[in-house]
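Take a look at the protein chain below. We will go from its surface to its fold, and then to its aromatic rings.

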Amino acid sequence: MGELPIVQYEFFETAELTFSPRVRSVCQLDCPRYGTSWACPPAVGTVEACRERCLAYPRALMLTTMSEVADIADLEGTLAARTDHEEITRRVNVLLQNQGVETYPLSTESCAVCAQCTYPDGPCRHPERMFPCVESHGILIIDTAEKYGIDFQAGGNIVTWFSLILYR
């Protein structure tokens with residue numbers, strides 16, 4: 001992974017993840033993508049179902065990248081800056097799969113593979129490229145980052161992007 005612009009990473013056991021329905025309520029109340037994507041709630045299932053799915057993979061890799069955005073308060077503009085992070089997540093996921101492991105990647109704030117998601121009227125067009133949102137699974141990613149000393153507050157208009165690649 002040395003050639004990829006990953007800021008920090010940590011390997012750990014998925015039993016260390018903290019799940020909370022509180023995270024899901026933030027999705028529902030604050031995120032305009034709620035109910036519009038296969039990568040977001042309610043399409044990903046209940047928090048308990050997500051927890052069970054995640055814990056079926058005993059190990060996890062958390063990785064972060066950073067990007068500078070024009071205005072961190074502009075949600076749509078900020079989300080547009082995540083493309084490089086998603087590509088890095090995809091490449092790391094492929095590296096792990098090439099080692100013979102089964103992966104379940106979770107990444108940034110909803111999928112942006114298609115201009116218009118088929119949810120809820122049809123199946124996902126690209127399930128192999130769609131990475132569900134970490135928070136959609138009820139994961140308190142900041143708790144995990146703090147536990148492992150992962151820096152995530154760079155200040156200014158710098159955004160830290162998180163991905164979790166769960167594997168077995």
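**From surface to rings**

The accessible surface of the protein chain is about 8700 Å² (Shrake-Rupley method, 1.4 Å probe). Carbon and sulfur atoms hold 51% of that surface. This is a predicted model, where local features need pLDDT of at least 70, side-chain atom pairs count only at pLDDT 80 or more, and totals for chains, interfaces and linings use all residues. Residues are numbered from 1 along each chain as its sequence is written, and side-chain values use heavy atoms, with hydrogens and water left out.

Now the fold. The protein chain has five helices and four strands. These are DSSP runs: H or I of at least four residues for helices, E of at least two for strands, numbered from the N terminus. Along the sequence, the pattern reads β-α-α-β-α-α-β-α-β.

Next, the rings. Rings of Phe, Tyr and Trp (its six-membered ring) pair if their centres lie within 6.5 Å; planes under 30 degrees apart are stacked, over 60 edge-to-face, the rest tilted. The count is six aromatic pairs. One of them joins F11 and Y167, edge-to-face, at 6.5 Å centre to centre and 90° between the planes. F11 sits in strand 1 and Y167 in strand 4, 156 residues apart. F11 is partly exposed at 33%, while Y167 is buried at 13%. Ring pairs link Y9, F11 and Y167 into a cluster.

Definitions and conventions:
Buried < 20%, exposed > 50% of the residue type's maximum accessible area, 1.4 Å probe, protein only.
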